Amino acid sequence: EESASAMETEAKAEAKGENEGLDTITRIQNEVANLSHMYYNFTGGLQEMAPPVSVTGEPVKVESDTSVEYNAEELATQIVNVHKKIDELIDSLEDIDMEEDEHIQAIIDIQVKLMPKHHIKRFPLSL
C-alpha cells in the first residue's frame, strides 16, 4: 500500500508538472530514490503476503491465494516501469564532447567556482 501511494504521489507530481523545472540529473536521482523505496517496500510486502513455510519441511496447508501472484506481478510491473523511465532520462542526457582530462578539469573548475574561498586554500583541486 505504501508503494502504491508513492507511485500515486509521483504520478500527481508529474501531472502537475512539478518535475519540469528540475534538471535531468535531479530527476534521475529522484527516480533512483523512488526505486530504492519501492524495492524496500515491495520486499516487505511480498514477505508479508507469502504463504507460511514450515521449518521442519512439512507442507503447510493454506487456502489457494492468487493475490500474492497478482501483487507480485503488479509490483514487478511498477519496478520495470521506473527502470524504463530512468533509462529514458539517461538517454536524454547530452553527450560529452571532450576528452576525459578536459572533462575532469571542467568539473574541477565548476567545483572551484562553487566552493567557498577558505576551502580552496585548504583543499586545492587539481589534476
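Ile25, Ile90 and Leu93 make up a nonpolar surface patch, with about 230 Å² of accessible area together. Patches take residues with over 30% relative accessible area and no salt bridge; like charges are joined within 9 Å, nonpolar side chains (Val, Leu, Ile, Met, Phe, Trp, Tyr) within 5 Å. Areas come from the Shrake-Rupley method with a 1.4 Å probe, and for residues only the protein chains shown count as cover. This is a predicted model: local features need pLDDT of at least 70, side-chain atom pairs count only at pLDDT 80 or more, and totals for chains, interfaces and linings use all residues. Residues are numbered from 1 along each chain as its sequence is written, and side-chain values use heavy atoms, without hydrogens and water.

Ile90 sits in helix α3 (residues 67-91). Its relative accessibility is 41%, so Ile90 counts as partly exposed (between buried, under 20%, and exposed, over 50%).

Now look at how α3 packs. Its partner is helix α2 (residues 24-49). The angle is about 165°, and the axes lie 10 Å apart. Therefore α2 is roughly antiparallel to α3 (angles over 145 degrees). The crossing of the two helices is left-handed (the near helix is turned anticlockwise from the far one by less than a right angle).

What links α2 and α3? A salt bridge joins Lys85 and Glu31, with the closest N and O atoms 3.2 Å apart. Lys85 belongs to α3 and Glu31 to α2, 54 residues apart. The whole structure has one salt bridge (a Lys or Arg side-chain nitrogen within 4 Å of an Asp or Glu carboxyl oxygen). Glu31 is buried, because its relative accessible area is 3%.

Definitions and conventions:
Helix = DSSP H or I, 4+ residues; strand = E, 2+ residues; numbered from the N terminus. Buried < 20%, exposed > 50% of the residue type's maximum accessible area, 1.4 Å probe, protein only. Axes fitted to C-alpha atoms, helices over the stretch in contact; angles between N-to-C directions. Parallel < 35°, antiparallel > 145°, perpendicular 65-115°, else oblique.
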